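This report describes charged pairs and a nonpolar surface region, with the cut-offs behind each term.

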Amino acid sequence: MSARIGSNKRIGLRQKFAELNWFIVLIICAIAGLGCAMLYSVAGGSMEPWAKNQAIRFGGGLVLMLGVAVIDIRFWMFLAYPLYAAALAMLVVVDVMGEMGMGAQRWISLGFMNLQPSEFMKIALVMALARYFHCLTDDETVQLKSLIKPIILIVLPAVLVLRQPDLGTTLLIIMGGVAILFAAGVRMWLFVVSFLAMFPAAYGAWQFLKEYQKQRVRTFLNPEQDPLGAGYHIIQSKIALGSGGVDGKGFMQGTQSQLNFLPEKQTDFIFTVIAEELGLIGGLSLLGLYIVLIGYAMIISMSVKSQFGRLLVLGMVITFFLYMFINIAMVMGLLPVVGVPLPLVSYGGSAMLTLLVGFGLILSAAIHKETTIPRGGAFA
């Protein structure tokens, strides 16, 4: 198998694997390995019910990531709009006949697993926006009329996901989309005006939030008002974070996690388990791995020649960063609890597959960094 890289250079599959950034792959494996170890711990020293499934999903996702990485980046640009349309259609299916769980309608049942289309929309939206701005000239990018289509691309999935309801994913979709607009070169004053408009918009949006969503915000502002009810989760999370100290209580020795004081310890609050059992050293080590991963991806974005490739990498990096930042901030009580998983660590299939496909696209951009793509389209 061979593929054309750039306008006059061909490269075989073996060479593509040789050019893969294996250091990034190694860091991803290290983070996922830590996640499986912590899932083993919170299950009381058992691979069931979480660690085994997570390891199998990661293995499958890793193969998928490598497969995505070696495919020509122009093919991904060609698929950008069809994938966005498919993800949007799945969100409509979820809205009409999706699976219910924990008071939300977010999934499509595939029999062997529940698929969460909103996770895949995060990637599809980044790809669609990257393709859109790639096809614009610099003068067209700064024109107001050029923002109509990307705003529609962002708003449509955001509204459908908010209806599920899933406030955390809605915020990730909006912030990821806005970040692409910024990276594409949209005028700065538009962001300032939009930021100022957020305050009256937030007041209006408050009227449409469900009562449990309003309660999350009230609990964020004052968790001690209901310590045995709405504030219980975040208070227990803070206790676990502080009790680990510098070097932690030891693997499988965390009292908050092992005695079931921590809620959702295998998903949203798994960072508190790491902090309690492995301490400040363990928490900072994980953050260090995340930072190295983000740093390498940013270096890749600066080396890619095509606008589509640059925006694609930046969009995936920002999405990954938002996952990490929002999860850690919410378990520390710095943001409301909005159900965002810790990337590559929290238990869950859709989010992990989404992130691994995202890194596959980053690796594809790195392999095909010399590829030039005409504004007229991927294969124009």
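Helices (H or I, at least four residues) and strands (E, at least two) are taken as DSSP runs and numbered from the N terminus. The model is predicted, so that local features need pLDDT of at least 70 and side-chain atom pairs count only at pLDDT 80 or more, while totals for chains, interfaces and linings use all residues. Residues are numbered from 1 along each chain as its sequence is written, and side-chain values use heavy atoms, with hydrogens and water left out.

A search of the whole structure gives seven salt bridges, each being a side-chain nitrogen of Lys or Arg within 4 Å of a carboxyl oxygen of Asp or Glu. Burial is stated by relative accessible area: buried is under 20%, exposed over 50%, and partly exposed in between (1.4 Å probe, protein chains only).

| Salt bridge | N to O distance |
|---|---|
| Lys 52 and Glu 48 | 3.8 Å |
| Arg 74 and Asp 72 | 3.0 Å |
| Lys 122 and Glu 119 | 2.9 Å |

Lys 52 is partly exposed at 40% relative accessible area, and Glu 48 is likewise partly exposed at 42%. Arg 74 and Asp 72, in contrast, are both buried, as are Lys 122 and Glu 119; the latter two lie in helix H5 (residues 117-134), three residues apart, about one turn of the helix.

On the surface, Phe 182, Met 188, Val 192, Phe 195, Leu 196, Met 198 and Phe 199 form a nonpolar patch with about 760 Å² of accessible area together. Patches consist of residues with over 30% relative accessible area and no salt bridge, joined within 9 Å for like charges and within 5 Å for nonpolar side chains (Val, Leu, Ile, Met, Phe, Trp, Tyr); accessible areas come from the Shrake-Rupley method with a 1.4 Å probe, and for residues only the protein chains shown count as cover. Helix H9 (residues 188-206) gives the most to this patch, with six residues.
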